[in-house]
Amino acid sequence: MELLLQTLLNGLLMSGVYALVATGLALSLGVVGIVNFAHGEFLMMGAFLSYLFFALQGLDPLFSLGLAFLAAFLVGGLVYQGLIRPVLPAPELNQMLLTFGLSILLQNLALLLFGADTRVVAPSYQAATLTLGPFFLGAVPLGAFMLSLGLLFLLQVFLTRSRLGLAMRAVAQNRLAPGLLGIEADQVYLLAFGLAAALAGVAGVMLSVILYASPTVGFIFTLKSFAIVALAGLGNLKGVVPAALVLALAEALVSTYLPGGGGLVEAVFFLVLFLALVGRAWRSP
Amino acid sequence: MRELSHLPFLSFFLLLFALLPFLPLGIWGAFLLDVGFFIQLFTAMALSWDLVARTGQLSLAHGAFFGLGAYGAGLLAPHVGTLPALVFGAFVAGAGALLLGSVTLRLHGLYFAIASLAFSEVLRTLALKLAFTGGPIGLPVPPPFGGVWPLAAYYLSFGVLLLATALSLWAEWSPFRLAQAATRQSEAVARVLGVRVVRVKLWSLLLGSLVAGLSGGVYGMKTLFLSPYDAFSLGRAVEALVIPIFGGLYSTLGPLVGGVVLVGLEQALRLWIKEGYLVVYGAILILVILFLPRGLVGLLGRRRG
């Protein structure tokens, strides 16, 4: 029983970061309408940024969080302006090929620059744990969980309370009408894409401590985020958090209870994705 | 008639590949035969990817079909001989395609793209973990026909290229082309016109996956060794899609031209760049989508008026 609860606790703590990354993906899909295969590469950049600052300057990853947010926002904006905007009128196949090409390019650029090794950012508090009765909570996963929830809450407030957030939701609902009301769709797209990248960048810093930084770490999270978004329903931001919880809990259960489950954890996201699509195919005519 | 004008080019390419082993190439002969082998195999992959793309679907699972065919053929070849093993490998790939397609092809196109990428990633994980694949250690594969004929692998890959070209030409010249084009341009309109959209997409995917599976099987018999990282590499899918996009989508000539140029270039570049050569493919993909969406063939076509 204690093992089960500890497992569920671990899954719960991981779900925060999953939700953060997947929300970014859902934002670019729902608002901009682009299937961004390169979403995880913003995460990968955030992770390497954190690693570089830590290794070269001894900078605490807590400071890298803000830096990564700004840097990823900037890179995301540039990517939107330079690559995404020109293909928005193109067929969907071309859009997907472009973001896939960007993902391949960035992953292999990182491979050339840093090699395939995994690098962990290990500040003094990395291994700190809190004891809660019979259970253990890692201080870093707990902090990442709280921070993710905080960011998602801020995003929710932004989308429901601010004029810009309302404009973003308006553009997501209808491509034409907001333009007639004086909303510059293009600038809203830019903001949404930058924001999506920034969320991934922050998550990358957290993962550089919880997990590691490596050229392929972002790619794994792109796939997991797609599974979460497919489960939640395309562009449905509210469904992302429960869907992230489902995936994280399923992974935690597999890694604890399946013999030799350590490697098969990486297959759980596919099961979630596949079942979500089977359900969707059944419901659609 | 436009399609027919490509026929002399096509026949020239195929004839060149058929005669390559007999040309007086001197000391470069062995190297060029190797390059020719990979050009034929990956061009066949590219043609099979294009077959799926003609219905507007982005397949990122061609690396998975390649790997399924490679492992299917490699596991069976010691017991039943070369050709039955290759056919079995292709059927395994086809079964994977049917499983993937029957669930996702009813839905919006992006679901298929996402699921196909996830499919290829999860198969690599499974190949690493399952007992009968040899896991990370890998799987030794016997050479074709017991190794009695040194050119066997080369002509097997030529056969796969011929099959892929024939399939692609058939799809280009028969009414199937119209069904594919209608599906690609607007599924709703195609449905109204009486095209069985899901069936067209599923058939295209099945045919494409069979060719990709055959390519994988022949690949294993050439390299004589398979590892999950090699056989299920995402790089295969990247090659399979960059070649037609670079050469020119939705045609038979485009992937052929693209294959000769890109795979030839890759084999040459690999002498210098060992790891991370996919950077080149990523960059080509982005540049071509942005600036040359009709590919090399489109460029030549425009020049000639």
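Predicted model: local features only at pLDDT ≥ 70, side-chain atom pairs only at ≥ 80, totals over all residues.

Residues are numbered from 1 along each chain as its sequence is written, and chains are lettered from A and ligands numbered from 1 in the order in which they are written.

**Chain A with chain B**
- In chain A, 35 residues are in contact with 36 residues of chain B (C-beta atoms, placed from the backbone, within 7 Å).
- Helices H3 (61-87), H4 (92-114), H9 (217-232) and H11 (261-283) of chain A each supply at least two residues of the side that touches chain B, helices being DSSP runs of H or I with at least four residues, and strands runs of E with at least two, numbered from the N terminus.
- The most comes from H4(A), with 14 residues on that side.

**Two helices of chain B**
- The axes of H4 (residues 82-104) and H9 (residues 197-223) of chain B come within 7 Å and cross at roughly 140°, with axes fitted to C-alpha atoms over the stretch in contact and angles running from 0 to 180 degrees between N-to-C directions.
- That makes H4(B) oblique to H9(B), a term for angles that are not under 35 degrees (roughly parallel), over 145 (roughly antiparallel) or 65 to 115 (roughly perpendicular).

**A hairpin in chain A**
- Strands S1 (residues 129-132) and S2 (residues 135-138) of chain A run antiparallel and are joined by four bridges, where pairing requires that DSSP finds at least two bridges between the strands.
- Thr129(A) has Gly138(A) as its bridge partner in S2(A).
- Two residues lie between S1(A) and S2(A) in this hairpin, and Gly133(A) in the turn has a positive phi of about 65°.

Terms used
Contact = placed C-beta atoms within 7 Å.
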